[in-house]
Amino acid sequence: EIKLVHFRKTIGFISQIMRLDQQCLLSTLVWHQLQRFELTDSLAVDIMEQLAHKGARGALFHALRMEGKAMSEVGSSDSDGTVLRMPLLLGDFAKLIYNVGFDDAHEQHGIRVEEIQNFWMQTTRKMPQLLTAHAEHGRKVLPSLPVRDWNSVQGRTEIEILLAELHKKPPLCRMFASPWHMLLHMFATVNSGGDVQAKLQAVEAQARAGQYSSS
């Protein structure tokens with residue numbers, strides 16, 4: 001049996017050795033113990049900016065990706081969390097899927113383009129129920145749900161649920177042991193400097209043509 005004081009010291013030591021944020025490390029342990037996927041606010045901001053290219057810094061990440069330059073040129077995030085109050089729309093999610101290389105017509109390493117919209121609509125429409133189940137799983141009291149159209153994803157908790165649901169999709173559930181494993185791969189992909197210019201131009205053209213509406 002390990003006492004709380006020793007557990008805290010051990011987590012701090014592991015965090016220093018692995019150069020991982022303590023909250024991220026604890027969230028990983030929560031997943032392995034309870035199968036509950038949790039993010040820190042800073043990670044949720046990184047997902048919005050680096051993966052979905054939302055907000056002012058997200059636009060800089062997008063420009064660098066289009067030019068094939070390193071994402072590190074943007075520098076560390078100084079966001080005050082404003083981007084987490086922005087709605088993540090279907091077009092943003094489609095861009096995220098392209099950015100991380102999860103679009104695959106043969107469904108060997110990702111999902112088909114036509115499945116992006118189906119998955120999005122199914123997940124956002126049942127988001128109130130998913131939020132309730134997420135709170136109950138974490139033994140938390142769910143605050144009153146806002147009155148809004150459930151055609152977007154807003155805030156850290158809804159991002160957690162979106163990624164957890166995405167991880168359940170074949171072949172992703174076979175490729176990655178957990179949503180955390182999948183998320184690490186997503187960040188590694190966008191920071192690898194791979195050439196995605198053609199794909200990003202394609203998804204933007206589809207968005208302008210109305211294929212990815214906000215609904």
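Buried means under 20% relative accessible area, exposed over 50%, and partly exposed in between (1.4 Å probe, protein chains only). This is a predicted model, in which local features need pLDDT of at least 70 and side-chain atom pairs count only at pLDDT 80 or more, while totals for chains, interfaces and linings use all residues. Residues are numbered from 1 along each chain as its sequence is written, and side-chain values use heavy atoms, with hydrogens and water left out.

**Exercise 1. State how many helices and strands the protein has, and what share of its residues is buried.**

Solution. Start with the elements: helices (H or I, at least four residues) and strands (E, at least two) are DSSP runs, numbered from the N terminus. The protein has 11 helices and zero strands. Next, take the burial: of the 215 residues, 44% are buried.

**Exercise 2. Describe the length of helix 8 and find which of its residues are buried.**

Solution. Step one is the span. The expected span of a helix is 1.5 Å times one less than its number of residues. Helix 8 has 13 residues and reaches 19 Å from its first C-alpha to its last, close to the 18 Å expected.

Step two is the burial.

Step three is the cover. The elements over these buried residues include helix 3, helix 5, helix 6, helix 7, helix 9 and helix 10.

**Exercise 3. Determine how helix 7 and helix 8 pack.**

Solution. Axes are lines fitted to C-alpha atoms, for helices over the stretch in contact, and angles run from 0 to 180 degrees between N-to-C directions. Here the angle is about 100°, and the axes are 10 Å apart. Helix 7 is therefore roughly perpendicular to helix 8 (under 35 degrees is roughly parallel, over 145 roughly antiparallel, 65 to 115 roughly perpendicular, the rest oblique).

Now list the contact (heavy atoms within 4.5 Å). Helix 7 supplies Met 127, Leu 130, Leu 131 and His 134, and helix 8 supplies Thr 157, Glu 158, Glu 160, Ile 161 and Glu 165. By kind, four of these residues are nonpolar, two polar and three charged. In this sorting, Ala, Val, Leu, Ile, Met, Phe, Trp, Tyr, Cys and Pro count as nonpolar, Asp, Glu, Lys and Arg as charged, and the others, Gly among them, as polar.

**Exercise 4. Identify the residues that touch the most other members of the largest nonpolar core.**

Solution. A nonpolar core is a set of buried Ala, Val, Leu, Ile, Met, Phe, Trp, Tyr and Cys residues joined through side-chain atoms within 4.5 Å. The largest one has 42 residues, and Ile 47, Leu 51, Ile 159, Leu 163, Leu 183 and Met 186 touch the most other members. Two or more core residues come from each of helix 3, helix 5, helix 6, helix 7, helix 8 and helix 10. Take Ile 47 as a case: apart from neighbours within four places in sequence, its contacts are Leu 39, Ala 52, Leu 96, Ile 159, Leu 163, Leu 183 and Phe 187.

**Exercise 5. Decide whether His 53 is buried or exposed, and where it lies.**

Solution. His 53 lies in the loop between helix 3 and helix 4. Its phi is positive, about 60°, although His 53 is not a glycine. With a relative accessible area of 8%, His 53 is buried.
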